[in-house]
Amino acid sequence: MSAISEEKYMSISPAEFFYKYREVAGFANPVKAFYQAVKELIDNALDATDMHGILPDVKISIERADEVQDYYKVTVEDNGIGIPPDVVPYAFGKVLFSSKYVMKQSRGMYGLGVKMVVLYAQMTTGRPVEVITSRENYRMIYYFKLRIDINKNEPVIIERGAWRKTHEWHGTIVSVTIEGDWSRAKQRILEYLSRTAIITPYASITLITPENEIVHYPRVTSTMPRPPRESKPHPQGIDLEMFKTLINNNSGELLEEFLISNFQSIGPSTARVLLNLAGIDLSKRLHDLTEEEVQKLFSIIKNYDKYRPPLTTSLSPLGREVLEAGLKRVFEPEFLYAVTRSPRSYEGHPFIVEAAISYGGGTPMSPQEQPIILRYANRVPLIYDESTDVVTQVVREDVNWESYMISFPAPIAIVVHICSTKIPFKGVGKESIADIPEIKREVKLAVMEIARELKHHLVRKAREKEMMRKVEVLAKYIPEVARSLATILGDNNSKSKVEAALARKLIEYISKKSGVSVEVIDSIVKSVEIGV
């Protein structure tokens, strides 16, 4: 008779989960982890600045930390709002602790990114994270050295200190030492910086590499998108558990007051309609609701279809001026055009799709039979998992580029930026956006609009080229025609003057009819005269 072993049951902390399954968060190997660590730190730096109306100055330093092992110290400094000293240990030492669990656009979503960097440092080099920070109205600068207690998911403070400011400074400096493959990760990191420079032309970004190379993207505009503002949840964007949590947190309120004060798009009249549809007394208080009434009211709220659309004050689209400035900063294209679509929503979450197109100039030649695609979500470049992204599907499968006069290979790049209070990523790594019908439709309409503008440009360019060809043909005959007419009209003494005057008149006439400048036609004529 075989022995039956007993199952062992236990729970693990969030920190332990991501420690064991770091691949889920994008830290699969020394190359991806290196890229992910730099990305997370820069994203935090930018969120601490531009999301609060501060023109970003971000400095990144990567230096070799060990001559034998592939250890690198990554330091990122920003001029952002800083972090209160009582919050610092949890902001860097407690997984899923964040200020971003609100209805407002932000680069991060899960309170995971920088903590995952700290965990990766612990599991590869064993070295703690170092943080220096201060806020604008503080007299002190604070220093922390800490790690994460993986079993408890709590910060462990190894060292802390403070000193008085000698000059006005606010922001945060974060240093971590991680294992990484710089030689293979370098290109990805540089690509990430280049794409970040496109989407944030109002930022000054400087990188110092382990080889002491300096990569600098200077600020090219002071125009910034307006910062997003926190908003209440939309009734169609909640689930039953969230609804119950809101009820428990406001248990003493009248139902009507609760609906008005906790949700956007619900005013007094809409609240009364919802409660009447649910058959619940308007004067009833939350703590008097039965489980059945909670379920019924939630069902009514979710299925009601006459709400106003979600507010977009929680979003911060870039706008046409910023997008075009970013593309000029990196590509200096022959033609560019940007569009910001009107706000839309999915499942109660507002979103805005922006798109831009860069053609010619310094725009790189597309290596495939499709445009280069630059994807962004809440201003964050998406580098990996391109093939599974909804933007890639639209650009490669849903748009017929031949109908827009584009034949590949071509110097063309498509930028698509999606901003929302909830980006529907396919995984915790946040590199690919899911195929949500509402988002896909807006992406397609945005890409088609910028493609039409490019087509208009190419049509004008083709017409100009054809006109130039005709002008060149006519210009070649101007000297001969002028000489012949001068022979007929003038005597030998004034022949050269008549010939020059006639040639000038012919040049001016062709210029007027063709739109080509007199100077250009004159240069063509002179090249014919000297036999060029």
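Q: How much accessible surface does the protein have, and what share belongs to carbon and sulfur atoms?
A: In this predicted model, the accessible surface comes to about 26000 Å². Carbon and sulfur atoms hold 51% of that surface.

Q: What makes the protein more spread out than a compact globule?
A: The protein has 14 helices and 14 strands. Its radius of gyration is 31 Å, whereas the globule rule gives 24 Å for 532 residues. The value is well over the rule, so the protein is more spread out than a compact globule. Along the principal axes, the C-alpha atoms fill a box of roughly 120 × 70 × 70 Å.

Q: What share of the residues is called buried?
A: Buried means under 20% relative accessible area. Of the 532 residues, 50% are buried.

Q: Why is a set of residues called a nonpolar core?
A: The name applies because the members are buried residues of nonpolar kinds such as Val, Ile and Phe, joined through side-chain atoms within 4.5 Å. The largest such core has 51 residues. Phe34, Ile60, Ile62, Val74, Phe92, Val129 and Ile178 touch the most other members. Helix 2 (residues 30-47) gives the most to this core, with 10 residues. A second, separate core has 38 residues, including Ile357, Val399, Tyr404 and Leu454.

Q: Which residues does Val129 touch, leaving out those up to four places away in sequence?
A: Contact means heavy atoms within 4.5 Å. Val129 touches Phe92, Val118, Phe144, Lys145, Leu146, Val174, Ser175 and Val176.

Q: How far apart are the mean positions of the positive and negative charges?
A: The mean positions of the 69 positive and 68 negative charges are 4 Å apart.

Terms used
Residues numbered from 1 in each chain as written. Predicted model: local features only at pLDDT ≥ 70, side-chain atom pairs only at ≥ 80, totals over all residues. Heavy atoms only, no water. Helix = DSSP H or I, 4+ residues; strand = E, 2+ residues; numbered from the N terminus. Rg over C-alpha atoms; globule rule 2.2 N^0.38 Å. Buried < 20%, exposed > 50% of the residue type's maximum accessible area, 1.4 Å probe, protein only. Areas by Shrake-Rupley, 256 points an atom, 1.4 Å probe, with all protein chains shown as cover. Lys, Arg positive; Asp, Glu negative; His and termini not counted. Charge placed at Lys NZ, Arg CZ, Asp CG, Glu CD.
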